[in-house]
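Hi,

Here is the structure I said I would pass on.

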Amino acid sequence: MENTLVIFKPATIQRGILGEVISRLEKKGIWLVGIKMVWFNDELLDLHYAHIKDKAFFPQLKEAMSISPVVVSCWKGVDAVETVRAVAGATNCRSALPGTIRGDFGMSIQRNIVHTSDSKESAEIELKRFFKDEEIFDYKLNNHEYIYAFDEI
Ligand code: ADP
C-alpha cells in the first residue's frame with residue numbers, strides 16, 4: 001500500500017465539478033485518507049512547482065493556482081501513485097484519453113483539473129508539505145476485500 005497526493009485545482013472547485021472528480025477516484029477503489037482546503041501562497045507555489053519555475057508559463061500557472069483555494073487530499077492503495085496518474089490522464093486535457101479525469105473534464109494544459117504526485121519519492125515529500133502525520137488517517141474501508149484479492153494487499 002502507498003499514499004499519494006491529489007490536489008483539486010481552483011478551476012475544479014470554481015466549476016463545481018469537485019464532487020464528480022473525487023467520485024472517479026472513489027469508484028476506482030482508491031481510498032481517501034486525508035483531505036482539507038488550502039490557499040496556495042507564493043512561497044508554497046515556488047516550492048511545489050520548483051521543477052518548472054523556469055518555464056515561460058510559470059507566472060500564469062502561479063496566478064491560476066492561487067486565484068481561489070484548492071483541496072488537497074491523500075489517497076491510499078496498492079500502487080496508488082501510478083494508478084492515480086493513470087486515472088488523472090495526460091497533462092494536456094485536450095490529448096488526455098477519454099475516461100480519464102483530464103480527458104473527460106478539461107480542455108486546458110494549465111487548468112488541468114488535478115495535480116497528482118509523479119513518483120513515490122515526490123508523494124512522500126508533497127504529502128509532508130500539506131499534511132501533519134495526524135491528518136492522514138489509518139483506517140480500512142469495509143469493502144476492501146471486494147476491491148482487492150487477499151494476496152494483493
Ligand atoms: P503534471 O501535473 O501532469 O505532473 P508537470 O509537473 O509537467 O505536469 O507540470 C505541472 C503543471 O504545470 C501542470 O499540471 C500544468 O498545470 C502546468 N503545465 C505543464 N505544462 C504546461 C504548458 N506547456 N503550458 C501551460 N501550463 C503547463
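Let me start with a strand pairing: isoleucine 7 has histidine 115 in S4 as its bridge partner. S4 covers residues 114-116, and three bridges join it to S1, with the two strands running antiparallel. Before I go further, keep in mind that this is a predicted model.

S1 has another partner too. With strand S3 (residues 70-77) it pairs in the antiparallel sense, over seven bridges. If you want a spot to look at there, valine 6 stands opposite serine 73 in S3. Six of the seven residues of S1 are buried, so the strand is largely enclosed by the rest of the structure.

Glutamate 2 belongs to S1, which spans residues 2-8. Is glutamate 2 buried or exposed? It counts as buried, because its relative accessibility is 15% and the cut-off for buried is under 20%. Its side chain reaches the backbone nitrogen of alanine 80 at 3.2 Å. Leaving aside neighbours within four places in sequence, glutamate 2 is in contact with Trp75, Lys76, Gly77, Asp79, Ala80, Val81, Glu82 and Lys120.

Now for isoleucine 153, in the segment after helix H8 (144-147). This residue is partly exposed, with a relative accessible area of 44%.

On the aromatic side, the structure holds one pair. It is made by phenylalanine 40 and phenylalanine 130, edge-to-face, at 5.7 Å centre to centre and with 80 degrees between the planes. The pair links distant parts of the chain, 90 residues apart: phenylalanine 40 is in the loop between strand S2 (31-38) and helix H3 (42-48), while phenylalanine 130 is in helix H7 (residues 120-130). How accessible are they? Phenylalanine 40 counts as buried at 3% relative accessibility, and phenylalanine 130 counts as buried at 6%.

Last one, helix H2. Within its residues 18-28, Val21, Ile22, Ser23 and Leu25 are buried. Glycine 29 follows H2, and its phi is positive, near 105 degrees.

That's what I have for now.

Cheers

Terms used
Residues numbered from 1 in each chain as written. Predicted model: local features only at pLDDT ≥ 70, side-chain atom pairs only at ≥ 80, totals over all residues. Heavy atoms only, no water. Buried < 20%, exposed > 50% of the residue type's maximum accessible area, 1.4 Å probe, protein only. Helix = DSSP H or I, 4+ residues; strand = E, 2+ residues; numbered from the N terminus. Polar contact = N/O pair within 3.5 Å; in protein donor to acceptor, adjacent residues only side chain to side chain. Contact = heavy atoms within 4.5 Å. Pairing = 2+ DSSP bridges. Phe/Tyr/Trp six-rings, centres within 6.5 Å; stacked < 30°, edge-to-face > 60°.
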